[in-house]
Amino acid sequence: MTSSPEAVKLDEGLASLMKGVKKLEDILEGSQHRQFTSEEYMEAYTSVYNMCTQKPPHDYSQQLYDKYLDVFKEYINSTVLPALSQKHDVFLLRELAKRWENHKVMIRWLSRFFHYLDRYFITRKSLPSLNESGLDRFRDMVYKELKSKARDAVITLINKEREGEQIDRAILKSITDIVIRVGMGNNELYEKDFEKYVLKYSSSYYSRKASKWIAEDSCPDYMLKVEECLKKEKERVSHYLHSSTESKLLERVQRELLVVHCSQLLEKEDSGCRVLLQDDKVEDLSRMFRLYSNIPNGLEPVANMFKEHITNEGTALVQQAEDAAAASKAKNVGGTHEQVFVQKVIELHDKYRKYVNDCFVNHTLFHKALKEAFEVVCNKKVSGSSSAELLASFCNNILTKGASDMTYEAVEETLDKVVKLLAYISEKDLFAEFYRKKLSRRLIFDRSVNDDHERLILTKLKQQCGGQFTSKMEGMVTDLVLARGFQNDYAEHRRNQGVAGPGIDLNVTVLTTGFWPTYKSSDLNLPSEMIKCVEDYKKFYNTKTTARKLTWIYSLGTCTVLGTFDTKKIELHVVTYQAAALLLFNDADKLSYSEVKTQLNLSDDDLVRILQSLSCAKYKILKKTPSSNTVSSTDYFEFNSKFTDKMRRIKIPLPPIDERKKIVEDVDKDRRYAIDASLVRIMKSRKVLGHQQLVMECVEQLNRMFKPDFKVIKRRIEDLISRDYLERDKENQNMFKYVA
């Protein structure tokens, strides 16, 4: 028989184990420089192993687990806490970091000595692991005891760095790591005990700074400081705070420096946002955008000031144009103020669109501000003319031969800018009508500078406003190409006729009624010379088609008449009406007003304009009796054979007719039709609808072309009810029904 080995007593086993523990403490305190030998390590490990593997009641696993915890407790109380209590500020932080490193070494070695507990006893009893228990000891005995002092020391160092002092960033990084580690990698302890106070004191620090800077610095200088602060706070986080702190810290800094003092900063009298816009401080505006773009709703006040500034500048341009118009009127001379005004608005739009692109990185809020500002500017009247008319006139000036000396590329670029401005105009239908009227004159009288440009702007207008907007204009351009073909065929026909045809050169432009504006036609009694030409063309045209009827618009015709005066012959470039009147004097020396009227078969209005141009204006081809600057029904006229001029060819213009009133009336009429059509379309699909909703849907449908007046819509609804398209609900007068 063999006898079982004698059980190791608890006191003996612990005495053997504590030799290793004592040496470990000496090493940590620096009094023992020699590391553990393998024999020393095995002696400690074996002592634990033997005491854990003995049969009850000699299994001392629980007592060893308790001893493991006591070793930390005794060492911390006897050595660690006394060492820390003697230190303050950065020295406290350094001592804390040193004690933390020692504690990790202690956990590592003791975990090796007591390793057998981790393998079996701790697992079986569901106790915290040796490593976890060791960390708990540091947290409960060291961290909780010193966290307030350590935190204050950290905040003091951070503020010193903010004031420009050099600090030990590595020690701050170590303290952050300690807090995260004793929190078992969870940020909860870091946020509650550390981050919360860093944020609080950062707010206080920057609140003090902001109050000082806002009083002392200009807006640009203040923003430079803010930008630098934000940059440095980011650096701080990356060097010694947890990454999760960055957004919270920056939010606090932004709030104290930018949000709290937003109004004061943006509205600084000599350097705020308005002044930066006024002085074109692009770099400062870009910085302002960058700073406020990171703040919820931070850009709204900047965008509002941007909008207000553009509106004020645009309104000033309107006033300048009004003043220039008044000055021209006072001097009784024509002015180019309208052209200058549109050009300046284009330049203003270019300038601030560049701001939106470059300074405000195409942010939607600033696009909206630009749009709303130009909607105000572009819908103001200048000297009684709407922006729609001014824009159409501006285009006409660019596209008319001899009116502009712009290069091909410059014309193309300017047209593009004009179409962009059109987007802001609420009366696009009015622009279309003015533009179409001017386009027709350019095409009919061959004044268009370039066919390509005419097509180019129509393409741009189509993209901006839709195909319906340009369909008639495109038809006009196409129609003119066909008309030139007809004219070439007629010229060939005349050459083939030889002497058989009329002896006057005749050019006829045949147009399709539906595409072109309506023109005044009259039953002018043509002179016999002209009648021969008209009849000859009719015969030719009938050989080409019988499906179309020719209506002659004499008001658009022009003639070159050879005037034989005493001193020389002069070619007179006149309209058809003027030519017809002049030709009467081939057969009569003197004619009364009533005789001219009877022979020409014209209205008084037309006749007065013709005779005024020939006898009272710059070129007095006819002599009027009695002599005066106005024509009356009692006047007599005779050919002025004494007339002379240094030129061999002169153009005699008719007094201009203000077509604006008729165009506006035509557009108003078309709007009534458009409103009727929209109301019927809506009711046909909805069957029953309330008054307010019907009006709002109608406005929404028509908004692209013009802004319908609510009163007009109401009148159109009443008209549709009277015409049995709609009816009111008998029980609710604000409800309408569609009458199928």
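## Salt bridges, cores and a sheet

Searching the whole structure turns up 59 salt bridges, each being a side-chain nitrogen of Lys or Arg within 4 Å of a carboxyl oxygen of Asp or Glu. Keep in mind that this is a predicted model, where local features need pLDDT of at least 70 and side-chain atom pairs count only at pLDDT 80 or more, while totals for chains, interfaces and linings use all residues. Residues are numbered from 1 along each chain as its sequence is written, and side-chain values use heavy atoms, with hydrogens and water left out.

| Pair | N to O distance |
|---|---|
| Arg287 and Glu227 | 2.8 Å |
| Arg236 and Glu233 | 2.6 Å |
| Lys538 and Glu535 | 3.9 Å |

Arg287 sits in helix 13 (residues 282-293) and Glu227 in helix 9 (residues 219-240), so this pair links distant parts of the chain, 60 residues apart. Helices here are DSSP runs of H or I, at least four residues long, and strands are runs of E, at least two, numbered from the N terminus. Arg287 is buried at 7% relative accessibility, while Glu227 is partly exposed at 25%. The cut-offs: buried is under 20% relative accessible area, exposed is over 50%, and partly exposed is in between (1.4 Å probe, protein chains only).

Arg236 and Glu233 are both in helix 9, three residues apart, or about one turn. Arg236 is buried at 4%, and Glu233 is buried at 1%. What about Lys538 and Glu535, buried or partly exposed? Lys538 is partly exposed at 31%, and so is Glu535 at 37%. Salt bridges with shared partners also tie Glu161, Arg162, Arg169, Glu233 and Arg236 into one network.

Now the nonpolar side. The largest nonpolar core has 161 residues, and Leu110, Phe114, Leu257, Phe306 and Tyr435 have the most contacts inside it. Such a core is a set of buried Ala, Val, Leu, Ile, Met, Phe, Trp, Tyr and Cys residues joined through side-chain atoms within 4.5 Å. Helix 6 (residues 130-162) gives the most to this core, 13 residues. Apart from it lies another core of 46 residues, including Ala581 and Val631.

Finally, there's an open sheet of three strands, in the order 1-2-6 with mixed pairing; strands pair if DSSP finds at least two bridges between them. Strand 1 (558-564) and strand 6 (649-651) are at the edges with a single partner strand each, so one side of each has no neighbour in the sheet. Strand 1 runs antiparallel to strand 2 (residues 569-575), joined by seven bridges.
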